[in-house]
Amino acid sequence: MEEFPCLCQACAGQTPREVASLGSPERERILSRHNLQACFSELKRIREAIRKGRLWDLLEHRAYTHPALKRCLNRIADHSKELERYTPVIKPHGIFYFGNLSAKRPEIQRYKWRLAGVRPARKTVVLLLPGRWRRPYREDPRYRSIVSRFQDEKRVQIIFYSIPFGPVPLELDETYPVAQTESLDSKDPTEYRAKAELVAEFIRRLEPRLILLSKEGDYGGAVGKEILKLIPKPKLLSTPGERLKPDSFIRLVEKRIERLRIAD
Ligand SMILES: [Zn+2]
């Protein structure tokens, strides 16, 4: 080591080489004072993270500094029921989502459990749109006009498939923490599949007669695949989201709704 990374009083004004050349009692005195300061500063950081409601963020940050800490956080995450109980329902700030490990954070788990507990009303048609970078998802420029055209249609349920939360019904799009989550697409197929399973399971409970999926990227592909495991193929109509023209999509949906109405 050429330089001490810390700014503590014990190490100030000295290089590691100088400290190493000192006699044993003096060297030990400096190192133990440094260790003590490092411990206190970490404790202060933890307490501050607790006060700010950012303890999980700190844990995740620390988990990637050493495999042992990652193992430790994995063990902590096994107790997510317990963690969720003591996590405030609303916080003054949003949360971060980095991938699989963040999926275990209490806010995300809580969303999943609560959604699994609600009994959604049956819907004839489900519009399944990607929840992309813009939040709330309804304000995405690509899908805004589609949402405003169908949001008041009684037979239609709009659902976004999002990376951090899986299924997000339009009604929950602006609630905490959905609209306040800063997320990263880790491009991880196992994560896509896990979230796609949640989407498909939620849609199955709506018992729709038709699902119109705007399929974007590999996540959209995973969503389509999981739906077909639970719902018979003729009920799913997917269209490539990247090339989607909102006006023609709206016409397509209107035509399909009309056809179902005639069939009734
Ligand atoms: Zn130091």
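## Close-up views of the model

**View 1. Two cis prolines in loops.** P177 sits in the loop between β4 and β5 (181-183); helices (H or I, at least four residues) and strands (E, at least two) are DSSP runs, numbered from the N terminus. The peptide bond joining Y176 and P177 is cis, with omega about 0 degrees. P136 belongs to the loop between β2 and α7. Here the cis peptide bond runs from R135 to P136, and omega is near -10 degrees. A quick note for all views: this is a predicted model, where local features need pLDDT of at least 70, side-chain atom pairs count only at pLDDT 80 or more, and totals for chains, interfaces and linings use all residues. Residues are numbered from 1 along each chain as its sequence is written.

**View 2. Strand β3, covered on both faces.** β3 covers residues 156-162, and seven of its seven residues are buried (20 or more other C-beta atoms within 10 Å of a residue's own; 12 or fewer makes it exposed, anything in between partly exposed, with C-beta atoms placed from the backbone). On one side you'll find V156, I158, F160 and S162, and on the other Q157, I159 and Y161.

**View 3. The neighbours of β3.** Strands of a sheet pair through backbone hydrogen bonds, either parallel or antiparallel. For this model, two strands pair if DSSP finds at least two bridges between them. β2 (residues 125-130) pairs with β3 in the parallel sense over six bridges, and L127 has I158 in β3 as its bridge partner. To get from β2 to β3, the chain goes through helix α7 (residues 144-150), making a right-handed β-α-β crossover: with the strands pointing away from the viewer, the path from the first strand over the helix to the second runs clockwise. With β4 (residues 166-169), β3 pairs in the antiparallel sense over four bridges. A hairpin of three residues joins β3 to β4, and Y161 has P167 in β4 as its bridge partner.

View 4. Five strands make an open sheet with mixed pairing, in the order β4-β3-β2-β6-β7. β4 and β7 (236-240) are at the edges with a single partner strand each, so one side of each has no neighbour in the sheet. On average, neighbouring strands are turned by 25 degrees against each other, direction ignored. (Axes are lines fitted to C-alpha atoms, for helices over the stretch in contact; angles run from 0 to 180 degrees between N-to-C directions.) β2 and β6 (residues 210-215) pair in the parallel sense over four bridges, with V125 opposite L210 in β6. Helix α9 (residues 217-230) packs on the sheet, touching β2, β3, β6 and β7, and its direction makes about 160 degrees with that of β6. Helix α10 (residues 246-263) lies across β2, β6 and β7 and runs at about 170 degrees to β6.

**View 5. The largest nonpolar core.** A nonpolar core is a set of buried Ala, Val, Leu, Ile, Met, Phe, Trp, Tyr and Cys residues joined through C-beta atoms within 7 Å. The largest one has 39 residues, and L127, L128, I203, I211, L212 and V223 touch the most other members. Two or more residues come from each of α6 (106-117), β2, α7, β3, α8 (189-206), β6, α9 and α10, with α8 giving the most, six residues. Domain 2 (52-117) and domain 3 (122-263) both contribute, so the core lies between them. Take I203: setting aside neighbours within four places in sequence, I203 is in contact with V126, I159, P208, I211 and I227 (contact means C-beta atoms, placed from the backbone, within 7 Å).

View 6. The chain divides into domain 1 (1-46), domain 2 (52-117) and domain 3 (122-263), with bounds taken from an automatic or database domain assignment. The C-alpha centres of domain 2 and domain 3 are 26 Å apart. The contact takes 13 residues from domain 2 and 15 residues from domain 3. On the domain 2 side, β1 (95-97) and α6 each supply at least two residues, and α6 gives the most, with five residues.

**View 7. Two positive phi values outside glycine.** K187, in the loop between β5 and α8, has phi near 60 degrees. K187 counts as exposed because it has 12 C-beta neighbours inside 10 Å. E207, in the loop between α8 and β6, has phi near 50 degrees. With 14 C-beta neighbours inside 10 Å, E207 counts as partly exposed.

How values were computed. Two residues are in contact if their C-beta atoms, placed from the backbone, lie within 7 Å.
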